[in-house]
Amino acid sequence: MSFDSHNLNVDIPAVMKASANLIPAEADLQNITTETTTNISGNKSKTNSSKNNSKAASNEFVRKLYNILENNEYPDIVRWTARGDSFVVLDTGKFTTKILPNHFKHSNFASFVRQLNKYDFHKIKTKPDDKEKLIYGELSWEFQHPCFRIHDASQLDNIKRKLTSQKKMDDRPPVGVNKNHPSQQNEQGAMHTVSNDTINLLRKRVDGLEKELRMYKDENLNSKVEVQKLNSKYNTVLSSLVAFKTVNENLMNNFNILCSTLVNHGIELPHPLYATGNYHSSKSTGPDSSGNSSKTHNPLPLMVQDTKFHSQQQGVVHQADSMMNISNNTTISPPVKSEESLDLNNIVLRKGFHVLLVEDDAISIQLCSKFLRKYGCTVEVVTDGLSAISTLEKFRYDLVLMDIVMPNLDGATATSIIRSFDNQTPIIAMTGNIEDQDLITYLQHGMNDILAKPFTRDDLHSMLIRYLKDRVPLCEQQSSQQDRRLSSQSSHNQSNTPQQHLQLSVAPQQISPSSTQFPSSNQSQSAFHNTAYDENSHILKKQHT
Amino acid sequence: MIPPEVVNWSILNEIISMDEDDPGFSKSLIIQFFDQAITTFDEMEKQLTTTQNLAELDNLGHFLKGSSAALGLQRIAWVCERIQNLGRRSESTFPEKEILLSTVAESVDIDTVQDSASVAANFTGDDSAYLNAIAKALTQARVEFKLARKELCKYYGEEF
């Protein structure tokens with residue numbers, strides 16, 4: 001590109017006059033707004049692309065200005081200074097009315113100045129004693145940029161828009177892209193700039209929030225785990241307490257029996273000791289010292305009571321009972337006969353409990369159902385966890401015995417699903433895995449108790465007693481309460497005892513207390529027993545292996 | 001350690017006592033168990049020689065452990081538990097046959113069961129320790145099975 005640059009005439013008074021009313025615009029120099037920028041660059045770009053598209057680019061505005069200066073079309077309005085390293089607007093009024101509309105599609109000198117400022121042009125301050133002022137007039141506007149020199153187009157590429165913090169993203173689009181639709185591009189660029197900033201800001205906030213959420217989730221999980229741990233510890237402690245209480249009661253009872261026997265044999269006891277002993281006597285349990293010691297190891301009073309009572313020592317028990325009666329009559333404070341002691345004397349499992357056996361091994365099925373029938377239960381068998389769920393959705397059972405390792409769905413998972421619609425039916429795990437961790441897992445899945453495999457008839461019976469002793473079989477409840485025709489049903493009818501109206505789709509809280517089999521106190525008590533029984537299971541297992 | 005008695009009679013007697021109501025109940029269970037055991041051993045051998053799927057061996061071990069323990073066949077149950085644990089990689093060795101047979105109660109004649117089928121314990125690879133131990137355990141399980149069958153035949157006075 002070569003341009004003619006002669007004829008540098010200056011019309012000083014004109015410049016002075018015109019620029020006078022535009023001075024306030026200088027205040028706007030630092031006031032850069034994106035909108036204006038876009039307008040200016042857009043307008044300027046269009047002009048340039050029509051006039052000179054040899055080097056369209058990011059700095060079209062500068063090039064246009066350069067061309068105007070090089071062509072020296074308006075020497076009395078704007079031109080290079082004598083040194084060629086700056087240019088001067090001599091007549092801002094004419095510049096605004098003539099040049100800006102023609103070349104920059106607007107007529108706002110302030111905008112022009114802002115644009116210059118954007119490209120890092122600097123206004124050269126006028127000094128009163130400056131010689132040049134004499135040439136260009138006091139109201140002239142002189143601008144310079146180190147790379148903006150007369151006859152030096154090659155330097156123009158170095159004139160770039162200043163990067164403001166807001167416009168880093170797309171201040172410098174590639175040369176070729178802007179060529180076709182520069183104004184559109186620029187406008188989009190401006191919009192993108194704004195929205196990108198917003199997006200970045202929002203993204204940061206979202207990231208922050210997500211982090212926080214994740215943190216809280218982790219915390220929540222941790223506390224849940226902690227609560228579970230505490231819960232199981234709590235249960236362990238409680239069961240230990242219950243076990244202690246049981247042992248203590250047994251010892252107390254035996255002590256009382258011993259005392260009464262001694263009294264019967266004419267041996268006088270110190271009164272306070274005897275009275276204290278009797279005061280606490282609430283149960284009549286195993287009478288002799290051998291039964292006593294075995295009981296001390298066994299945290300399960302009911303089971304011991306039952307087995308002892310029914311098997312070997314009935315006669316002795318009767319003897320002990322009569323002795324108790326004698327001592328009762330002779331002592332000052334008669335022993336309080338609690339319900340418990342009544343139960344203990346009358347533990348006979350009712351007939352007709354309906355038990356669901358969930359087990360996949362044919363031999364275990366036959367054995368277990370044989371035992372159950374022996375105890376007067378009716379048995380229904382399913383062989384995997386999925387069938388157990390679907391069966392319990394349809395029918396109610398007094399008790400569920402559930403294997404753990406089964407095809408399709410394991411017993412623990414099945415139980416946790418069953419617990420989502422049935423919180424009442426006791427579910428007993430039957431398993432050979434009796435590691436502590438396994439046991440905790442089973443209880444956490446909602447199983448009530450664990451029957452360690454292999455188990456004896458007595459193990460099974462004690463479990464039935466514990467969960468069914470206070471209960472009336474569902475079929476009897478039905479027949480007595482609602483449906484007389486059910487009473488005619490054989491107790492061995494295993495198929496589908498029609499208890500549809502007691503279906504488990506009923507939420508637990510909706511079932512009236514009278515029909516609730518496990519009042520909360522009872523339930524918690526059975527939970528206390530769990531760990532106590534675990535220890536017991538170990539003992540039993542040791543005996544077997 | 002493996003129990004010396006082949007049969008835990010306190011368990012089996014309980015089952016036998018059910019014969020009062022249901023004659024032949026205990027025997028039918030035992031015969032079922034024999035079938036089940038043979039099938040399971042074969043399946044274990046198949047798993048060992050083909051897929052070498054430890055999880056499946058764990059399951060098979062667990063399965064047979066349950067039924068053998070329920071009948072009081074405690075030595076078989078013990079070996080099955082080893083197979084289960086080996087399949088879970090929670091154990092990696094299995095005792096030698098001689099050591100195990102030396103624990104058998106004196107009343108049992110072990111001479112006739114020595115020649116049981118065995119799977120070669122010469123696996124290689126990542127799980128070779130477990131597979132080799134399971135192969136040994138399976139061989140032992142078959143030996144224990146013969147011991148149990150002999151003992152039970154003696155009790156029932158007939159051949160199964």
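**Entry 1: chain A as a whole**

Two residues count as in contact here if their C-beta atoms, placed from the backbone, lie within 7 Å. With that in hand, I looked at the contacts in chain A with a separation of 6 or more, and 71% of them join residues 24 or more positions apart. I am reading a predicted model, so I keep that in mind throughout. I then looked up the secondary structure of chain A and found 20 helices and nine strands. Chain A has 545 residues, and 37% of them count as buried.

**Entry 2: the sheet in chain A**

A friendly reminder to myself: strands of a sheet pair through backbone hydrogen bonds, either parallel or antiparallel. I checked E5(A), residues 354-358, against E6(A): the two run parallel and are joined by five bridges. One pair to find on screen is Val355(A) with its bridge partner in E6(A), Val379(A).

Then I looked for helices against the sheet.

I picked Leu451(A), which lies in strand E9 of chain A. Is Leu451(A) buried or exposed? I counted 21 other C-beta atoms within 10 Å of Leu451(A). A residue is buried at 20 or more, so Leu451(A) is buried.

What does Leu451(A) contact, leaving aside its neighbours within four places in sequence? My list reads Ile428(A), Ala429(A), Met430(A), Asp459(A), Leu460(A) and Met463(A).

**Entry 3: where chain B meets chain A**

I moved on to the contact between the chains, which takes 20 residues from chain B and 15 residues from chain A. On the chain B side, H1 (9-17), H2 and H3 (54-70) each supply at least two residues. The largest share comes from H3(B), with seven residues. By class, I noted 11 nonpolar, seven polar and two charged residues on this side of chain B.

H14(A) and H2(B) pack with their axes 9 Å apart, at an angle of about 160 degrees. That angle is over 145, so I call H14(A) and H2(B) roughly antiparallel. The crossing of H14(A) past H2(B) is left-handed. From H14(A), I noted Ala362, Ile363, Gln366, Leu367 and Lys370 of chain A, which meet Phe25, Leu29, Gln32, Phe33 and Gln36 of chain B in H2(B). These residues divide into six nonpolar, three polar and one charged.

**Entry 4: H2 inside chain B**

H2(B), residues 25-49, also packs with H6(B), residues 128-156; the angle is about 160 degrees and the axes are 11 Å apart. H2(B) and H6(B) are therefore roughly antiparallel too, and their crossing is left-handed. Residues of H2(B) in this contact include Ile30(B), Phe34(B) and Phe41(B), while those of H6(B) include Leu138(B), Phe145(B) and Tyr156(B). I sorted the residues of this contact into 14 nonpolar, no polar and four charged.

Most residues other than glycine have a negative phi, and most peptide bonds are trans. I went looking for exceptions.

- The peptide bond from Lys453(A) to Pro454(A) is cis, with omega near -10 degrees. I located Pro454(A) in the loop between E9 and H18 (457-468) of chain A.
- His151(A) is not a glycine, yet its phi is positive, at about 55 degrees. I found His151(A) in the loop between E4 (141-144) and H7 (175-180) of chain A. His151(A) is partly exposed, with 14 other C-beta atoms within 10 Å.
- Gln52(B), also not a glycine, has a positive phi of about 55 degrees. Gln52(B) sits in the loop between H2 and H3 of chain B. With 16 other C-beta atoms within 10 Å, Gln52(B) is partly exposed.

Key
Residues numbered from 1 in each chain as written. Chains lettered and ligands numbered in written order. Predicted model: local features only at pLDDT ≥ 70, side-chain atom pairs only at ≥ 80, totals over all residues. Axes fitted to C-alpha atoms, helices over the stretch in contact; angles between N-to-C directions. Helix = DSSP H or I, 4+ residues; strand = E, 2+ residues; numbered from the N terminus. Parallel < 35°, antiparallel > 145°, perpendicular 65-115°, else oblique. Left-handed = near helix turned anticlockwise from the far one by under 90°. Nonpolar A, V, L, I, M, F, W, Y, C, P; charged D, E, K, R; others polar. Pairing = 2+ DSSP bridges. Buried ≥ 20, exposed ≤ 12 C-beta atoms within 10 Å, placed from the backbone.
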